[in-house]
Amino acid sequence: MDFEQLLDRLWGFDYECFAHDTLMVAINYRTREERVFHNSGPDDYETFLAQENPILMGYNCKSYDKYILKACILGYGPEEVKEINDHIIGGSNGWDYPFVGYCVLPPIWDLFD
């Protein structure tokens, strides 16, 4: 894969979590195409990952967004995702959360680093 092909796969993403809603917005670096995932189920995420084969980038996504993404891929509902959000925001680490299930995440590039 050359650098141009890599740029085609690059998507910026960010999550917002609320008491009864989760929202992920992903924007393709090259085309500026937007994908919005509002309370989406695992099939929506799996379709996006299979079709786009994305490399996701975000700010501080290594410590937060990737764990929210993991929960959404595993089928956690908005209220359960909010618990994970509160766990992380409260000062704990996402890797300490007792997730039920396993999934393979796409490559994630944290711009904070």
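Threonine 22 counts as buried, because its relative accessibility is 3%; buried means under 20% relative accessible area, exposed over 50%, and partly exposed in between (1.4 Å probe, protein chains only). The residue lies in strand β2 (residues 22-28). Helices (H or I, at least four residues) and strands (E, at least two) are DSSP runs, numbered from the N terminus. Threonine 22 touches Glu16, Cys17, Phe37, His38, Asn39, Cys72, Pro78 and Val81, with residues up to four places away in sequence not counted. Contact means heavy atoms within 4.5 Å.

The model is predicted: local features need pLDDT of at least 70, side-chain atom pairs count only at pLDDT 80 or more, and totals for chains, interfaces and linings use all residues. Residues are numbered from 1 along each chain as its sequence is written, and side-chain values use heavy atoms, with hydrogens and water left out.

The chain contains four helices and five strands. From the N terminus, their order is α-β-β-β-α-β-α-α-β. The radius of gyration is 14 Å, close to the 13 Å of the globule rule for 113 residues, so the chain is as compact as a globular protein of that length. This radius is taken over C-alpha atoms, and the rule is 2.2 Å times the number of residues to the power 0.38. The C-alpha trace spans about 40 × 30 × 25 Å along its principal axes. Of the 113 residues, 40% count as buried. Among contacts with a separation of 6 or more, 58% come from residues 24 or more positions apart. The chain exposes about 6500 Å², and carbon and sulfur atoms supply 53% of that area. Accessible areas come from the Shrake-Rupley method with a 1.4 Å probe; for residues, only the protein chains shown count as cover.

Strand β4 (residues 55-58) pairs with two other strands. Two strands pair if DSSP finds at least two bridges between them. Strand β1 (residues 10-17) runs parallel to β4, and three bridges join them. Here tryptophan 11 stands opposite leucine 56 in β4. Three bridges also join β4 to β5, again in parallel. In that pairing, glycine 58 stands opposite aspartate 110 in β5. Ile55 and Met57 point one way from β4, while Leu56 and Gly58 point the other way. All four are buried.

Arginine 35 is placed in strand β3. Apart from neighbours within four places in sequence, arginine 35 is in contact with Trp11, Met24, Val25, Ala26, Phe48, Gln51 and Glu52. Its C-alpha atom is separated by 22 Å from that of serine 63, which is 28 residues away along the chain.

A search of the whole structure finds six salt bridges. A salt bridge is a side-chain nitrogen of Lys or Arg within 4 Å of a carboxyl oxygen of Asp or Glu. One of them joins the side chains of arginine 30 and glutamate 4 (2.5 Å, N to O). This pair links distant parts of the chain, 26 residues apart: arginine 30 is in the loop between β2 and β3 (34-38), and glutamate 4 is in helix α1 (residues 3-8). Arginine 30 is partly exposed at 36% relative accessibility. Glutamate 4 is partly exposed too, at 42%.

Arginine 30 also forms a salt bridge with aspartate 8, with the closest N and O atoms 3.0 Å apart. Aspartate 8 lies in helix α1 and arginine 30 in the loop between β2 and β3, so the pair ties together parts 22 residues apart in sequence. Aspartate 8 has a relative accessible area of 41% and is partly exposed.

Another salt bridge joins the side chains of aspartate 113 and lysine 62 (2.8 Å, N to O). Aspartate 113 lies in the segment after β5, and lysine 62 in the loop between β4 and α3 (65-73), so the pair ties together parts 51 residues apart in sequence. Aspartate 113 is exposed, with a relative accessible area of 66%. Lysine 62 counts as partly exposed at 39%. Through shared partners, salt bridges join Glu4, Asp8 and Arg30 into one network.

A nonpolar patch on the surface is formed by Tyr59, Trp109, Leu111 and Phe112. Together these residues have about 490 Å² of accessible area. Patches are made of residues with over 30% relative accessible area and no salt bridge; like charges are joined within 9 Å, and nonpolar side chains (Val, Leu, Ile, Met, Phe, Trp, Tyr) within 5 Å. Phenylalanine 112 is placed in the segment after β5 (108-110).
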